[in-house]
Amino acid sequence: MENTTNLSSDTPLTRIDFMRLVGTSIGLIAFTNCVSACGKETGDLAPAASVDFTVNWAKSPYSNLQTKGGYVVEQGVIVAQTLAGDFVAVSAVCTHDKNTLVFQGTSNRFYCPAHQSAFSTTGAVQNGPAVNSLKTYTVTVNQATGDIRVNG
Ligand code: FES
């Protein structure tokens, strides 16, 4: 007995066959979109390149750094003064999908307005969808001059 399927037959599709065909197609499209979107959540994005610069909290536009919770973005790096009065520097590029982060002084965290990922002052992920930590940089502070050197 021959077992073939003739797609060009004149046999009309039943309603059930049609719904199965449409359902399978929609399922495949949804699965493909999910795999594509979920792939972005691996956070495998390149951190900001190596940097070596100095900002001074006594000079514009860096005077925000005189205040606990203040921050500036320089050369793709966020430099912030934490609520504890420490200076930290991390990549300003979110590891989820490359949007620019802000420092939320009242929450003492780095935050991505795009999809609400949050990172601690050490760059560790607090809330996703980001899964990878932020690149951190070495910060050296000269209290006498106000110079803050960032490198790494
Ligand atoms: S880009 Fe999606 S959470 Fe930052």
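I started with Val 150: setting aside neighbours within four places in sequence, I find Val 150 in contact (heavy atoms within 4.5 Å) with Val 51, Asp 52, Phe 53, Val 77, Val 79, Ala 89, Tyr 137 and Thr 138.

The model is predicted, so local features need pLDDT of at least 70 and side-chain atom pairs pLDDT 80 or more, while totals for chains, interfaces and linings use all residues. Residues are numbered from 1 along each chain as its sequence is written, and side-chain values use heavy atoms, without hydrogens and water.

Next I looked up the cores. A nonpolar core is a set of buried Ala, Val, Leu, Ile, Met, Phe, Trp, Tyr and Cys residues joined through side-chain atoms within 4.5 Å; buried means under 20% relative accessible area (1.4 Å probe, protein chains only). The largest nonpolar core has 14 residues, and Val 150 is among those that touch the most other members, as are Phe 53 and Val 79. Strand 1 (52-56), strand 3 (77-81), strand 4 (87-91) and strand 10 (147-151) each give two or more residues to this core. Strands here are DSSP runs (E, at least two residues), numbered from the N terminus.

Then I turned to strand 3. Five of its five residues are buried: Val 77, Val 79 and Gln 81 on one side, Ile 78 and Ala 80 on the other.

Last, I checked pairing, which needs at least two DSSP bridges between two strands. Strand 3 runs antiparallel to strand 2, with four bridges, and antiparallel to strand 4, with five bridges. Ile 78 stands opposite Val 90 in strand 4.

Technical notes
Buried < 20%, exposed > 50% of the residue type's maximum accessible area, 1.4 Å probe, protein only.
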